[in-house]
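Open the model in your viewer and keep the selection panel at hand.

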Amino acid sequence: MPERDFGAPQRSMLIGGEWVQAKDGGTWDLVDPGSEEVVEQVAYGGADDVFTAIDAAQAAFPGWAGLTAYQRGAVLEEAADWIGAHVGDLALITTEESGKPLGDSKGEWLSAATYLRWFAGEGVRAYGRIVPPSTPKRRILVIPQPSGVVGTITAWNFPVYNIVRTWAAALAAGNTVVGRPAEYTPRSAFLLGHALMEAGAPAGVINVVNGDPAAQGQAMLDDPRLRKLAFTGSSRVGKLLMDGASKTLTRLALELGGNAPVIVFPDAGEMSRVARLAARFKVRNAGQVCIAPQRFLVHDDVV
Amino acid sequence: MTVGHGTEEGAMVGPLINAKQRDRVEELVGASVSAGAKVVVGGKRPGRKGYFYEPTVVTGVEPGMPLDAEEVFGPVMPVASFGSVDEVIERANTYEAGLAAYVFTQDLNTALVVSERLEAGMVAVNDWMPVTAEAPFGGVKGSGIGRETGSEGLAEYLEQKSVFIGGVQLP
């Protein structure tokens with residue numbers, strides 16, 4: 001259904017600069033939730049693919065961290081340009097796998113370009129400190145340094161945004177990345193990786209895997225070279241990851257569930273407008289948003 | 001509020017991601033109705049292929065009902081009423097979730113005090129989208145650890161190393 005097929009980068013894992021099949025040859029039938037039809041098969045593997053990806057990310061780390069923040073930023077800027085040039089095709093791919101309206105998919109890809117550009121600008125401002133010492137003949141410096149290999153495990157509701165907000169920051173700071181998207185929406189992640197490769201990211205700086213969620217999550221936690229794991233998803237799985245992270249003291253970033261109250265006071269302004277916008281934002285992405293307005297609490301004088 | 005496939009002209013409400021998610025939304029609505037809530041709009045599947053659920057409004061939603069206590073992740077709007085500021089803040093802060101909160105008022109004092117007292121990582125006052133590259137995004141309590149985006153978001157992917165140099169003296 002998308003007008004253009006990106007080829008291997010649309011359906012394969014990205015490991016060490018190469019578009020590859022799963023080690024065990026596994027594939028997943030990708031379904032369009034708007035039609036319930038299988039649209040294509042994508043690569044779907046397991047723990048082995050994660051370990052190979054971490055090998056590549058670790059190997060690429062010294063070179064990437066050794067570039068200036070300006071050089072890294074230039075890659076992010078060029079990836080943003082590439083996204084802008086291909087946004088129509090990218091949006092079709094994202095809509096087909098996530099179900100969200102085409103305009104929303106396009107907006108999400110354009111926002112991804114914004115995040116890449118913003119972090120290109122922020123990375124060059126990762127200033128350190130010189131601290132006046134309390135002991136004579138001493139100097140104290142505080143220098144910020146990237147951690148190493150950063151992993152991401154992300155949810156299907158924002159298949160581009162959930163990923164790019166972490167990748168852009170981690171890459172700008174000099175880390176390399178191993179990303180595992182949701183198995184329902186992997187192509188958006190593969191293509192975000194493709195954007196970075198087209199922009200000149202060295203092999204191994206960005207790696208994208210797909211496969212059994214438990215096995216791949218466990219592999220990321222078990223491998224001590226993966227220093228930080230950023231997870232977007234349910235509170236239930238967040239707690240499991242926190243337990244597992246204790247094995248190698250993996251640092252965690254957790255973006256879990258919400259249940260947003262919406263408090264409407266009598267002086268909220270034009271009520272019909274508040275109600276109209278409330279409905280519009282409630283159904284955004286069919287309500288599948290962690291910050292979705294959830295519990296509407298309206299003052300007695302309004303009801 | 002047109003329900004349709006993402007590629008259909010004018011479609012505003014797409015499907016849920018899969019059958020399991022839709023079943024869950026249906027269960028939350030059904031269980032809340034059994035407990036006394038009332039569906040006033042929607043509350044059913046449109047008759048078409050795809051994991052669709054109609055935009056739904058439910059009134060009489062009390063604390064503890066599934067539609068109040070659980071994150072719905074569907075196009076369902078549970079509506080309840082409140083009398084005082086203290087009452088609504090307590091109700092808003094009830095659960096372990098603490099990601100976003102929304103406040104609608106034109107009064108400066110109400111906006112300031114309520115946004116300070118809400119247990120949330122992001123508060124939107126007269127605003128519907130507290131997400132942007134330049135601001136931190138994240139939750140308190142059970143909604144998460146750490147912040148993405150903003151300057152805080154860059155700092156999350158850096159380690160601070162203290163370097164001490166001793167024996168520094170003039171020749």
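A crossing is left-handed if the near helix is turned anticlockwise from the far one by less than a right angle, and right-handed if clockwise. This is a predicted model, in which local features need pLDDT of at least 70 and side-chain atom pairs count only at pLDDT 80 or more, while totals for chains, interfaces and linings use all residues. Residues are numbered from 1 along each chain as its sequence is written, and chains are lettered from A and ligands numbered from 1 in the order in which they are written.

**Helix pair in chain A**

Select residues 69-98 of chain A, helix H3, and residues 186-198 of chain A, helix H6. Helices (H or I, at least four residues) and strands (E, at least two) are DSSP runs, numbered from the N terminus. H3(A) passes H6(A) in a right-handed crossing. Their axes come within 8 Å and cross at roughly 155° (axes are lines fitted to C-alpha atoms, for helices over the stretch in contact, and angles run from 0 to 180 degrees between N-to-C directions). H3(A) and H6(A) are therefore roughly antiparallel to each other (angles over 145 degrees count as such).

**Between the chains**

Now show both chains. In all, 78 residues of chain B are in contact with 77 residues of chain A (C-beta atoms, placed from the backbone, within 7 Å). Colour S7(B), residues 158-165: the largest share of the side of chain B that touches chain A, eight residues, comes from S7(B).

Finally, select strand S11 of chain A, residues 251-255, which runs antiparallel to S6(B) and is joined to S6(B) by two bridges. There A:Glu255 stands opposite B:Gly144.

Definitions and conventions
Contact = placed C-beta atoms within 7 Å. Pairing = 2+ DSSP bridges. Parallel < 35°, antiparallel > 145°, perpendicular 65-115°, else oblique.
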